[in-house]
Amino acid sequence: MNADFVHPLRSGAHQCLLCRHFCRLRPGERGRCGVRAGQAEAPGLRSLVTDGVAAWHVDPVEKKPLYHYLPGSKTFSFAAPGCNLDCAWCQNSALSRGPAETGRVAMTPVTPEALVQSARTAQCASIAFTYTEPTVFFELMAATADLARIAPPLGTLLVSNGYQSPQCLDALRERITAANIDLKSFRDESYRRWCGARLHGVLDNLKQMKAFGWWLELTTLIVPGINDDEGELRDMARFIRDELGAETPWHISAFYPRRRMRDRPATPLPTLTRTADMGQEEGLWFVYMGNVPPALSTPTRCPGCGTELVRRSAFHAWVRPDFHGSCPQCGRIIPGVWSAS
């Protein structure tokens, strides 16, 4: 299928405008994602992931992780292969980087209609574009989101690295309800060296998503020796506070050795707890720890009086019965999406 977001060049190549890499492709060449290709038989570029998925599952919304979006609800999650980043610590590289590294794009054929129907049959409150990088299967995501928003509407969740082009992001504006974005580092050098991307593009997109009115949460995988410096983490927390709002949940997640970083140790628990403390010291209202034992799962508390509102164990959530968006004790409004209506 012909790809969206394509600009013809005088050289005969075509530039992909889907993400901030802006790949220039000749017939037979593929972009960094491995799933958008130059074609000789027709002008433009071809998407290899418009009509199938490589993974799908009914997940708790907490697994995305989204903690302030309909806690305790289910989300129908799916992905096509491919990713526009190349993170050294990727936890899912066979699916994400397989097309770029092997040339193979293995999928099960499916239609947007079937995906939405599956979500409704499973009594999910939302559909999540997740597991790999949804940007690279934009056409399938957009068609599915359009159908999901028809009454009775389903929420549409974007779990992404946040490296969309401005054009792509604008096209998602009315199609996405909530997002969790990986903010992998707060140093451009680290982004370039370890992920093959640039920090400023992600930061620009985060600010735009907030301006769109999406419910936004962030996740940072804390990798020892890469992004666990106190100065960097405090800079990140200040950016979240000043540019996105102190109410923006920040998920700090433990790294486990994967891919090209199997020689590094897992993130020590004290590093996570100290990072959580730093986030709160910098004024963030909600800092959550992930990839930790269930007993350490972080509840949602009122930032005013400390009342526990949502209790969690692993990916299971218990919502206080008298909590409907404001603290039952002090009346403070708790930012988030707490009702589907």
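How many salt bridges does the structure hold? The structure holds 25, counting as a salt bridge any side-chain nitrogen of Lys or Arg within 4 Å of a carboxyl oxygen of Asp or Glu.

1. Basis of the note. This is a predicted model, in which local features need pLDDT of at least 70 and side-chain atom pairs count only at pLDDT 80 or more, while totals for chains, interfaces and linings use all residues. Residues are numbered from 1 along each chain as its sequence is written, and side-chain values use heavy atoms, with hydrogens and water left out.

2. The R97 and D86 pair. One of the salt bridges joins the side chains of R97 and D86, at 3.5 Å from N to O. R97 sits in the loop between α1 (93–96) and α2 (98–102) and D86 in the loop between β8 (74–79) and α1, so the bridge ties together parts that are eleven residues apart in sequence; helices (H or I, at least four residues) and strands (E, at least two) are DSSP runs, numbered from the N terminus. R97 counts as buried at 8% relative accessibility, whereas D86, at 28%, counts as partly exposed, where buried means under 20% relative accessible area, exposed over 50% and partly exposed in between (1.4 Å probe, protein chains only).

3. The E282 and R241 pair. The side chains of E282 and R241 also meet in a salt bridge, with 3.5 Å from N to O. This pair links distant parts of the chain, 41 residues apart, since E282 lies in the loop between α9 (269–281) and β15 and R241 in helix α8 (residues 230–244). E282 is buried, at 11% relative accessibility, and R241 is partly exposed, at 28%. Both residues belong to a network of salt bridges that links R187, E230, R234, D235, R238, R241, D242, R274, E281 and E282.

4. The R173 and E174 pair. Here the side chains of R173 and E174 form a salt bridge of 3.9 Å, N to O. R173 is partly exposed, with a relative accessible area of 37%, and E174 is exposed, with 63%.

5. The largest pocket. It holds about 1,100 Å³ of space. On a 1 Å grid over the protein atoms alone, a pocket is an open set of points where a 1.4 Å probe fits, with protein on both sides within 12 Å along at least five of seven lines, and lining residues have an atom within 4 Å of a point. Of the 39 lining residues, K64, P65, Q91, D182 and T219 are the closest to the centre. The elements that give two or more residues to this lining are β11 (155–160), β12 (178–182), β13 (215–222), β14 (250–254) and β15 (287–290), and β15 supplies the largest share, three residues. The lining divides into 17 nonpolar, 14 polar and eight charged residues.

6. The second largest pocket. Its volume is about 210 Å³, and of its 13 lining residues Y69, P153, L154, G155 and A340 are the closest to its centre. This lining comprises eight nonpolar, four polar and one charged, where Ala, Val, Leu, Ile, Met, Phe, Trp, Tyr, Cys and Pro count as nonpolar, Asp, Glu, Lys and Arg as charged, and the others, Gly among them, as polar.

7. Cysteines. A search of the whole structure finds zero disulfides, a disulfide being a pair of cysteine sulfur atoms within 2.5 Å. For C19 the nearest cysteine sulfur, that of C23, is 5.9 Å away, and C19 is buried at 10% relative accessibility. For C33 the nearest cysteine sulfur is that of C16, 6.6 Å away, and C33 is buried, with a relative accessible area of 7%.

Technical notes:
Points joined across faces, edges and corners; volume = space filled by probe spheres on them.
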